[in-house]
Number of protein chains: 4
Amino acid sequence: MKKSLFLLIITGLSIKVSAQSTNGHDHAHDQKVYFPDVPGFYTLSCDFHMHTVFSDGSVWPNIRVQEANREGLDCISTTEHLEYQPHSKDIPHPDRNRSFELASHAARNSELIVVAGSEITRSMPPGHTNAIFIEDANPILQDNAMDAFREARKQNAFVFTNHPMWTAQRKDGIAKYEPMHLELIEKGMLHGIEVVNETTFSDEAIALALKYDLTFIGTSDIHGLTDWLYDIPHGGHRPVTLVFSAERTKEGMKAALFNKQTVVWYKDMFIGRKEWLDPLLHNSLEVSALGYDGDTSVLSVEINNPTHSHYIIQNKSDYTFHEDPSIMIIEPQSTKILSVKTLERFDSVILPFTFLNAMYAPDTYPTIFYELSTKNDPDTSN
Amino acid sequence: MKKSLFLLIITGLSIKVSAQSTNGHDHAHDQKVYFPDVPGFYTLSCDFHMHTVFSDGSVWPNIRVQEANREGLDCISTTEHLEYQPHSKDIPHPDRNRSFELASHAARNSELIVVAGSEITRSMPPGHTNAIFIEDANPILQDNAMDAFREARKQNAFVFTNHPMWTAQRKDGIAKYEPMHLELIEKGMLHGIEVVNETTFSDEAIALALKYDLTFIGTSDIHGLTDWLYDIPHGGHRPVTLVFSAERTKEGMKAALFNKQTVVWYKDMFIGRKEWLDPLLHNSLEVSALGYDGDTSVLSVEINNPTHSHYIIQNKSDYTFHEDPSIMIIEPQSTKILSVKTLERFDSVILPFTFLNAMYAPDTYPTIFYELSTKNDPDTSN
Amino acid sequence: MKKSLFLLIITGLSIKVSAQSTNGHDHAHDQKVYFPDVPGFYTLSCDFHMHTVFSDGSVWPNIRVQEANREGLDCISTTEHLEYQPHSKDIPHPDRNRSFELASHAARNSELIVVAGSEITRSMPPGHTNAIFIEDANPILQDNAMDAFREARKQNAFVFTNHPMWTAQRKDGIAKYEPMHLELIEKGMLHGIEVVNETTFSDEAIALALKYDLTFIGTSDIHGLTDWLYDIPHGGHRPVTLVFSAERTKEGMKAALFNKQTVVWYKDMFIGRKEWLDPLLHNSLEVSALGYDGDTSVLSVEINNPTHSHYIIQNKSDYTFHEDPSIMIIEPQSTKILSVKTLERFDSVILPFTFLNAMYAPDTYPTIFYELSTKNDPDTSN
Amino acid sequence: MKKSLFLLIITGLSIKVSAQSTNGHDHAHDQKVYFPDVPGFYTLSCDFHMHTVFSDGSVWPNIRVQEANREGLDCISTTEHLEYQPHSKDIPHPDRNRSFELASHAARNSELIVVAGSEITRSMPPGHTNAIFIEDANPILQDNAMDAFREARKQNAFVFTNHPMWTAQRKDGIAKYEPMHLELIEKGMLHGIEVVNETTFSDEAIALALKYDLTFIGTSDIHGLTDWLYDIPHGGHRPVTLVFSAERTKEGMKAALFNKQTVVWYKDMFIGRKEWLDPLLHNSLEVSALGYDGDTSVLSVEINNPTHSHYIIQNKSDYTFHEDPSIMIIEPQSTKILSVKTLERFDSVILPFTFLNAMYAPDTYPTIFYELSTKNDPDTSN
């Protein structure tokens with residue numbers, strides 16, 4: 001065991017950087033939304049649905065920027081309700097671009113990207129809808145709902161259905177599309193759908209996204225504080241839409257959204273199309289062979305998880321493991337050594353794992369293949 | 001050792017109640033400002049200085065109420081700047097009572113008491129001043145500073161100097177009073193002084209409070225989020241003024257403030273006058289004798305700290321301790337067994353401790369006496 | 001949301017009791033092996049394989065007793081190697097019952113049951129084998145291996161194969177039985193097999209147990225300290241065999257073992273036969289309906305996990321969930337509220353869950369049904 | 001990223017390196033006894049009093065070595081009772097050097113130094129006494145106590161009184177010396193005294209050490225497991241004697257002990273002579289000026305504590321602090337920024353602090369001076 005312990009020590013150290021405030025408090029628990037890039041694309045963490053005092057939220061826009069920066073997001077949009085203005089007594093007739101203007105200003109010295117967006121707030125159908133990457137929010141405020149959508153299309157906005165599972169509008173919580181939604185889709189005025197909103201999740205919304213070829217969206221729809229709703233100080237996270245963008249720009253993100261290049265992350269579950277979910281998962285775990293243990297045919301494999309999400313993985317190889325059953329949880333920011341019984345000593349080994357906390361569709365789980373060279377024994381490199 | 005271990009087990013259990021949210025997160029770390037009452041008076045945790053979007057703060061008043069309730073405060077005042085209105089473009093010409101009105105509404109179903117208050121925001125002298133327990137904020141907004149103070153006095157407001165150590169107004173950070181302050185005091189228009197403001201502390205302000213017989217005040221002056229500034233999710237706390245009030249009412253608190261019945265709690269340090277600091281400290285630690293150990297003259301004494309503050313105590317008795325040096329830290333929400341070498345077996349013992357994290361004045365530390373009966377051996381009660 | 005928040009508050013509080021030592025340290029993290037009983041049987045946590053200085057272990061037998069009591073075990077056996085005595089220079093020719101005698105003495109004032117046992121330590125075949133519930137260890141020490149097994153049978157011992165996956169005896173780590181093992185089984189001299197040993201797990205040993213109708217056993221085989229090997233102070237646990245016994249006695253446990261009434265718990269995975277695994281899992285989670293949310297058909301269901309194990313459960317009902325995907329992790333000692341979209345409002349609902357951290361056989365997962373009455377709305381009881 | 005990581009390091013962030021075991025557990029909480037060296041001398045952490053199965057302890061000597069290595073000690077001695085052999089039934093008539101031999105062997109591949117030692121176990125007077133750096137334990141076992149001491153002197157052993165406050169030998173817990181002790185001191189047969197033993201501390205023993213010019217010693221006297229007695233997994237520490245040695249050798253340590261070059265660390269309290277305590281404390285905190293804040297005369301000073309001990313420090317300068325009262329706790333492995341109101345802007349500043357968790361003698365606390373250059377403004381280096 002001595003040798004493998006040594007390997008463990010030299011390979012299995014994880015470095016945690018923790019900032020100490022002047023109060024002497026330890027921020028090590030602060031959550032950072034971090035996922036690796038995928039080949040050819042940046043992985044950008046985005047939240048395209050939230051509110052401030054400029055509609056029915058409880059914070060000034062600068063707090064939304066600070067929350068996002070503390071959590072490590074790449075992009076937000078403060079999507080105020082156009083039609084619903086409960087603070088109008090105090091903030092009368094606001095310019096509907098004002099929240100975006102203030103959030104942009106607050107973010108000016110950070111890397112956070114703020115995009116303009118509004119919530120078109122209607123009874124069902126079509127219910128609530130977000131239009132983002134808009135040019136001017138004011139003309140989208142219309143008496144007639146279809147006029148609002150036409151204006152959003154005119155501005156080349158990316159438009160998505162909000163919380164189709166909302167029990168205030170769907171007593172059974174079941175997401176459904178009605179003729180008006182189908183008309184919007186057909187006319188190119190609706191492009192995405194929230195499969196996750198705030199603290200709710202919808203298998204049926206996922207099915208709708210697949211049926212009507214819409215972009216998967218997940219948002220916080222935060223009105224109060226994200227720290228409180230998601231218990232971020234103790235390791236929780238807000239729902240985000242991971243956007244796979246060729247550029248770290250608004251244009252890149254917008255193109256990616258229209259092209260359905262997203263994965264939703266919610267309660268450590270990932271929802272996405274195969275072409276984006278597979279490379280994200282593949283890169284989220286770093287899997288490498290450390291070499292065979294002594295004269296046995298038991299291969300030590302290191303699984304390193306640098307992300308803040310856990311993963312529930314299921315062995316799909318023909319091999320069994322010497323220390324673990326086939327289903328395992330890989331904890332956030334951890335390193336695990338897996339002992340694979342390969343029966344013979346091979347020069348390379350392929351390990352397929354099904355990710356049970358990821359899905360293309362309800363009950364449809366991705367399987368990711370890791371190809372390992374067993375010859376890069378770290379012993380030789382030391 | 002077996003017997004004393006048994007005593008430990010039956011006496012030393014602390015029960016922690018933690019709520020689990022639907023996210024499965026553990027809120028056990030959430031800080032509660034809790035201190036025991038003192039004889040004849042409620043110990044009320046108050047924060048009389050804070051801001052919302054109605055002056056230069058970043059949250060709607062309801063967030064201030066929620067913060068206070070989460071932290072366990074008894075009373076707050078949202079003391080907007082009367083003269084400084086950086087959000088006037090969006091919130092034009094507000095009724096200066098509006099923040100109080102909204103905070104009161106937000107608190108209507110909780111036990112939190114909200115009192116009306118405003119910040120009279122002037123250059124030095126007199127600098128910034130808070131008037132609380134006011135009747136109407138609007139007439140306190142005056143061109144002439146003295147007129148504002150006269151109006152506050154007319155409303156029987158309690159008035160205190162804010163952050164006299166503020167480096168924007170005092171380059172050396174040294175709190176000083178100028179003739180105008182003394183005039184205000186003399187005319188009964190200034191009654192208290194912040195010895196603690198936000199993240200600052202002032203020995204010199206304490207000296208001024210004593211010299212001019214003013215009430216000690218400590219406040220958060222929070223503009224952003226208390227969780228972030230004080231790292232409350234990981235055990236930090238905001239500064240509070242503990243008010244010793246005969247009633248759990250606004251009237252009781254106001255009378256107590258005018259009567260200087262306060263202790264300030266800041267970074268686990270307590271600042272107060274002897275008549276209020278002594279009973280608070282005495283009751284904050286529960287000290288009792290468990291009995292002599294075997295046939296020795298070593299007395300087991302239990303020190304239970306139910307509060308969320310630590311205490312640094314120094315033995316001032318003639319006895320030494322069998323397991324501890326004379327200066328000890330009593331951790332928050334902990335129980336410690338102290339072994340006191342009393343040389344003989346006495347029926348009662350008096351233990352004096354100096355509290356090094358409490359002060360009447362700079363470098364002046366209180367000594368508290370605990371009188372213990374050594375006969376209430378818990379063995380007999382089992 | 002208000003109503004369900006209220007439900008949460010009145011139902012979702014968990015009480016944690018933590019002892020504070022005289023050092024002021026918090027033992028809240030100390031792991032307790034706790035699982036509920038099943039109908040008609042006690043669930044007893046047992047570790048039937050470990051060593052002390054009386055063979056090749058590094059602690060006196062009293063430490064094994066203290067470890068077990070700190071971890072909350074019900075039963076241990078200090079199964080010293082009969083034939084392997086590396087400490088013989090210092091502990092010459094020991095009475096092979098001595099370790100049991102000292103462990104029994106150390107446990108005399110606790111509820112821990114200590115049973116006599118020895119490890120018959122042979123090269124492969126048959127490799128190492130434990131005989132427990134023996135009467136006298138000394139005559140089991142024989143030149144000829146079969147004579148040792150005959151003696152164990154004469155004493156009515158329960159006998160099981162140790163670590164059949166041990167790479168020192170199986171280079172490929174694959175558990176196998178050879179003719180000698182089959183002869184032992186046929187002659188009633190071998191009754192169980194370790195499917196888990198120390199830090200190793202064997203799918204192939206599970207298959208052997210099923211093929212040859214043997215009792216599932218999981219043991220620590222600890223030589224050093226369990227705290228260090230399993231990181232118990234930070235939430236880890238040693239492998240245990242949960243024995244379902246009609247009585248809390250040695251006789252009861254022995255009968256249960258011969259009758260294959262066991263489940264092995266290892267790294268929060270459960271391995272057992274359906275008749276024992278199903279009731280254990282059923283009782284490990286407390287699932288109850290809290291009532292329908294407002295006027296919706298979304299049913300709030302509380303899942304309470306009082307154990308120190310997590311559970312990975314997969315929804316197998318026809319309903320989907322309003323806040324969760326179908327696969328979820330239930331954290332140790334937590335309460336989770338599940339929102340079930342039942343489409344209509346029913347008086348009773350059946351929720352089936354597959355437990356992905358439990359297995360009857362490799363890749364064979366149990367499904368447990370929870371029948372809920374939706375009428376015991378806690379609102380009425382308040 | 002390289003540059004910003006560098007900036008991160010130099011600007012007051014602390015980096016914690018934590019090893020992850022194969023179980024995925026985080027050992028970040030494991031305590032390491034670490035203190036910086038002092039000018040001209042290594043600071044070596046030593047525990048010269050402990051037991052194994054070779055007298056009345058409960059572990060084999062290798063566990064003592066593993067404990068010491070996990071905790072980061074530099075040197076131990078397994079000081080078995082010569083006269084008290086409760087395990088003699090199982091370990092008959094042992095060579096009294098055997099424990100040392102086995103511990104030395106266990107430590108052969110680590111940096112831990114093991115020195116030979118024995119406990120001369122007598123009734124009072126002289127009570128129990130340890131002789132360390134001995135050549136052969138066997139001849140020290142004598143019928144007559146004085147003969148044992150003579151033999152220890154013949155071997156040039158370093159000899160110290162054990163637990164003079166032990167209530168089994170002193171009902172009042174008060175350490176005292178009797179004529180026999182004074183004779184031993186006078187004849188050069190007694191050189192040190194435990195002021196700390198296991199979980200006990202003695203002001204009176206400190207006074208004896210000073211009166212009779214003896215070396216301060218603090219030991220664990222561990223019989224069970226240090227993790228359990230001191231709760232090391234959750235941040236506790238065993239008592240150690242810090243020895244200031246010119247060499248990292250047995251000879252160096254022995255010379256240092258005879259020369260009284262020690263400080264005892266117990267419950268985060270330090271006890272030592274001025275010449276050794278002062279440089280240890282001075283180097284334990286890294287204090288440096290960061291520069292004046294804006295155009296004020298408030299100087300930012302960084303206090304970095306790389307050790308695993310806290311420090312209670314009291315400001316003794318003429319300056320007051322802008323954010324802290326004069327007594328503060330510096331937490332283990334933390335960085336704190338102190339704002340010093342220097343009234344004018346100086347090129348250099350001297351800050352004296354009294355350490356209230358350190359003592360030369362009962363109630364006699366050291367004051368350490370930090371001389372800071374205020375010109376090495378970190379701004380210029382970026």
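**Close-up views of a predicted model**

**View 1. Surroundings of V38(A).** With 22 C-beta neighbours inside 10 Å, V38(A) counts as buried, because 20 or more such neighbours are needed for that class. The model shown here and in the other views is predicted. V38(A) sits in the loop that joins β1 (13–18) to β2 (42–47) of chain A. Apart from neighbours within four places in sequence, its contacts are T43(A), F244(A), P279(A), L280(A) and N283(A). One of these, N283(A), is 245 residues away along the chain, yet the C-alpha atoms of V38(A) and N283(A) are separated by 6.9 Å.

**View 2. Chain A as a whole.** Chain A contains nine helices and 23 strands. Its C-alpha trace spans about 75 × 55 × 35 Å along the principal axes. Among contacts in chain A with a separation of 6 or more, 65% are between residues 24 or more positions apart.

**View 3. Helix α4 of chain A and its packing.** Helix α4 of chain A covers residues 145–154, and its buried residues are A148(A), F149(A), E151(A) and A152(A). Seen down the axis of α4(A), these buried residues fall within an arc of 160 degrees, so they line one face of the helix. An α-helix has 3.6 residues a turn, so residues three or four places apart point the same way. The elements of chain A against which the buried residues of α4(A) pack are the strands β6 (117–121), β7 (128–132) and β8 (158–161), together with the helix α5 (179–186). After α4(A) comes N156(A), which has a positive phi, near 60 degrees.

**View 4. Where chain C meets chain A.** In this view, 35 residues of chain C are in contact with 34 residues of chain A. On the side of chain C that touches chain A, at least two residues each come from β10 (200–201), α6 (203–211), β18 (320–321) and β19 (327–330) of chain C. By class, this side of chain C has 14 nonpolar, ten polar and eleven charged residues.

**View 5. Where chain D meets chain B.** Here 34 residues of chain B are in contact with 35 residues of chain D. The side of chain D that touches chain B takes two or more residues from each of β10 (200–201), α6 (203–211), β18 (320–321) and β19 (327–330) of chain D. That side of chain D is made up of 14 nonpolar, ten polar and eleven charged residues.

Notes
Residues numbered from 1 in each chain as written. Chains lettered and ligands numbered in written order. Predicted model: local features only at pLDDT ≥ 70, side-chain atom pairs only at ≥ 80, totals over all residues. Contact = placed C-beta atoms within 7 Å. Helix = DSSP H or I, 4+ residues; strand = E, 2+ residues; numbered from the N terminus. Nonpolar A, V, L, I, M, F, W, Y, C, P; charged D, E, K, R; others polar. Buried ≥ 20, exposed ≤ 12 C-beta atoms within 10 Å, placed from the backbone. Arc of directions from axis to C-beta.
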